Amino acid sequence: MTINTLSQDGVQRQQMPCLTKMERMIISMQDPDMGIKLRNQRLLITVIPHAMTGLDIVEWLIKKCSISDEEALHVGQLFVKYGYIYPLKEPRNLILKADDSSYRFQTPYYWMSTRWPASELDYAIYLAKKNIRKQGELIEYEKECYNALHKRINHTWDFVVMQAREQLRASKQRRKGDRIVLECQEQAYWLVNRPPVSPEHYKLTTLTKNTIIEHNRISLARNRVKSSICLESYVKYCEQYQPHDPIMQGCLPSNPWITDDIMFWNMNSETVALPTKLRVERWSFSFMELLNDQMGRKEFLTYLEKEFSAENLCFWQACEDVRHGETAKIPEKVDEVYKQFLAPGASRWVNIDSKTMEKTLEGLKRPHRFVLDDAQMHIYFLMKKDSYPRYLKSELYKNLLARAIVPQETKKSVFPFMRRQRHSSPSPALATQTAEDDGKAKYSNSNSGTASRL
Amino acid sequence: MAAQPSDTLATLKTESETLKTKLEEERAKLHDVELHQVAEKTEALGQFVMKTRRTLKGHGNKVLCLDWCKDKRRIVSSSQDGKVIVWDAFTTNKEHAVTMPCTWVMACAYAPSGCAVACGGLDNKCSVYPLSLDKNENLAAKKKSVAMHTNYLSACCFTNSDMQILTSSGDGTCALWDVESGQMLQSFHGHAADVLCLDLAPSETGNTFVSGGCDKKSCVWDMRTGQCVQSFETHESDINSVRYYPSGDAFASGSDDATCRLYDLRADREVAIYSKESIIFGASSVDFSLSGRLLFGGYNDYTINVWDVLKGTRVSILFGHENRVSTLRVSPDGTAFCSGSWDHTLRIWA
């Protein structure tokens with residue numbers, strides 16, 4: 001949805017696609033066989049033809065779309081709001097009532113899609129007609145609009161008044177029933193559409209056909225995977241993560257938003273002494289899950305230290321810092337990385353294959369944000385394929401999993417109407433105070449700009 | 001051989017059309033099963049009860065955008081009257097408020113560190129405000145202008161750190177910016193109309209993002225090269241929102257055509273449509289639950305529809321807002337989701 005009204009080739013864009021959908025439904029509502037049964041309705045002393053009750057509309061919607069009462073009332077309400085159906089008894093109240101209140105279909109002449117935006121001139125004529133017919137019949141906002149229009153299009157005011165008189169004269173010659181129907185339709189139209197401010201038009205630049213062709217050619221050559229394999233993976237993923245999805249399966253001890261008890265957050269914080277079982281299990285789902293959890297990352301580092309390959313994780317973290325850090329600091333950061341991890345005889349030398357090492361060293365001559373990407377990728381996959389699976393089989397991990405907590409479900413309060421005190425928590429923004437004093441605080445070894453420790 | 005201009009355009013048009021048809025054929029070749037068929041063996045979801053647990057009142061006009069803080073309880077929201085508010089949604093307290101010099105602040109984002117927020121809209125810019133707890137400090141004084149577009153800012157988001165911001169704009173482009181220097185690191189051209197939304201991929205290599213626009217297209221971009229690596233054009237109207245499936249292998253989009261659709265990146269095609277006859281109005285924003293089983297959609301008819309992603313059915317419809325739902329995000333730990341609306345409020349549902 002945008003304010004631009006023209007498409008790239010200068011053609012008027014289709015505005016509000018919901019209107020087409022509404023109109024399709026309105027048309028099927030008026031189908032002589034499958035639509036709503038229309039009858040004559042009595043309005044004071046006049047008989048209005050082709051009317052229906054609010055209940056008719058709601059029941060038809062329930063049957064047609066297989067939805068509940070509440071939803072059918074809601075959908076029907078939209079038809080009234082957008083002027084496709086109008087109420088007869090209280091025309092100013094654009095509400096659908098699921099009872100015997102009378103409603104009529106608006107004539108297509110007045111549909112939003114055919115007569116949108118509503119023109120100022122038409123509105124002026126309508127208000128003038130009302131004013132002439134009965135002095136003081138205009139209500140407050142109509143009076144304001146009338147005066148504003150009188151000022152704005154003063155130069156055509158004679159035309160407005162002449163048109164208004166002409167239309168009034170013509171309507172007097174109609175049968176009373178027809179006249180009332182036409183007045184209802186017109187009134188309903190204006191209740192929905194007070195003329196809006198005309199939108200500005202924006203010209204868009206066109207995209208050359210050549211780029212599209214090139215893009216399509218590349219797409220044709222792409223390797224695709226069979227749907228069955230891709231879709232199966234979603235089923236597996238959803239199944240695996242379902243116990244971890246609080247909205248699907250709840251969370252222990254309880255969902256803080258429901259019980260006002262923040263135990264769940266406290267038990268899963270970064271500095272907790274003993275993690276929960278679900279949390280530790282999640283580290284085994286994928287290498288990314290392990291690295292994304294600060295605690296998991298620390299545990300993994302401890303394991304790697306035992307294996308004398310901790311430099312791999314440190315190198316990876318340093319590369320992340322280069323990739324996501326300030327542009328101005330890139331050259332100095334890359335230099336640090338070279339000295340610590342890549343230079344011959346470096347204190348924490350990482351084992352990269354010769355081809356990648358050669359390419360990286362060449363790139364270091366002109367350091368840029370992505371210069372360490374290949375080396376980082378190599379080390380990442382090394383850890384993923386080798387160290388990570390071994391970590392999951394290690395005593396360190398198994399031990400932690402065995403000791404991990406399964407929280408008790410919060411017992412429901414004895415007094416269910418007593419609300420727990422909602423305590424505030426320290427704002428992460430406190431870190432700005434400390435970070436300003438110590439410029440390195442944001443980029444410690446184990447963070448890449450994620451939530452700083454308070 | 002010199003060609004006539006009219007011939008060239010006509011031949012190009014036919015070539016473009018033929019390629020497009022061929023592409024659809026190629027995509028269809030490997031489509032051997034539908035998602036709901038694969039999901040037949042999955043257990044159906046039971047009765048679904050979600051209620052409004054908090055209502056955040058304080059905006060004086062339409063709420064246009066919201067984002068969660070990584071601490072799982074704070075939220076930043078922006079509105080039509082130019083106000084950007086940071087809330088502790090748990091206590092419903094307002095912690096910071098910034099008044100932007102423009103109206104229609106359509107985009108806002110929380111920095112990963114929780115120490116700053118970014119926002120922008122009709123001013124065509126994206127600005128970063130560091131959050132200070134000093135009550136006397138005027139947040140607007142420390143504002144940093146980062147992005148500059150030639151039309152309105154529709155969406156913004158920080159990448160993995162506080163130092164880079166990704167933006168999308170009504171000028172039809174997306175761009176990656178360095179926050180400290182305000183320098184544009186990469187720009188992304190390919191949409192033929194306003195770009196309305198974007199989302200970063202949660203992949204291991206963290207190098208791609210997806211955008212959706214008024215040209216009915218969604219595009220996947222390589223952040224390093226600026227190239228569009230994949231695009232999809234099956235929606236019938238503007239795409240208002242895009243969001244990755246948690247595994248990063250797919251993304252969902254919500255559109256003015258009243259449908260939400262799921263696109264698989266490896267199969268390179270649309271794999272599911274979430275629609276219902278009684279849903280007539282456009283979807284303004286979508287997000288997945290933590291496991292990816294549920295898709296929440298905020299719609300322009302004031303409701304929120306909850307979809308079973310695997311089976312393709314609608315699980316629940318949530319009423320409560322009194323005007324359009326304009327923005328919707330699930331919290332970082334999946335315990336709740338927040339919806340913002342033109343009725344001036346935000347609601348937390350769980």
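1. A salt bridge is taken here as a side-chain nitrogen of Lys or Arg lying within 4 Å of a carboxyl oxygen of Asp or Glu. By that rule the count between chain B and chain A is 8 salt bridges, in what is a predicted model. One of the pairs joins the side chains of Glu71(A) and Arg314(B), with an N to O distance of 2.5 Å.

2. Polar contacts across the interface of chain B and chain A, with both residues at pLDDT 80 or more, amount to 34 residue pairs. On the side of chain B that touches chain A, at least two residues come from each of α1 (5-29), α2 (35-38), β1 (52-56), β17 (228-232), β20 (260-264), β21 (269-274), β23 (294-299) and β25 (314-318). The largest share of that side, 10 residues, belongs to α1(B), and its residues as a whole divide into 49 nonpolar, 39 charged and 30 polar.

3. As for extent, 102 residues from chain A and 118 residues from chain B take part in the contact. The two chains bury about 9500 Å² between them, with 60% of this on carbon and sulfur atoms. Phe90(B), Glu204(B) and Ile280(B) account for 8% of the area that chain B buries against chain A, which is more than any other three residues supply.

4. In the model, residues 232-273 of chain B are 55% strand and 0% helix, with the end C-alpha atoms 14 Å apart. For residues 285-317 of chain B the corresponding values are 58% strand and 0% helix, and the end C-alpha atoms are separated by 15 Å.

Methods:
Residues numbered from 1 in each chain as written. Chains lettered and ligands numbered in written order. Predicted model: local features only at pLDDT ≥ 70, side-chain atom pairs only at ≥ 80, totals over all residues. Heavy atoms only, no water. Contact = heavy atoms within 4.5 Å. Buried area = accessible area lost by both parts, 1.4 Å probe. Polar contact = N/O pair within 3.5 Å; in protein donor to acceptor, adjacent residues only side chain to side chain. Helix = DSSP H or I, 4+ residues; strand = E, 2+ residues; numbered from the N terminus. Nonpolar A, V, L, I, M, F, W, Y, C, P; charged D, E, K, R; others polar.
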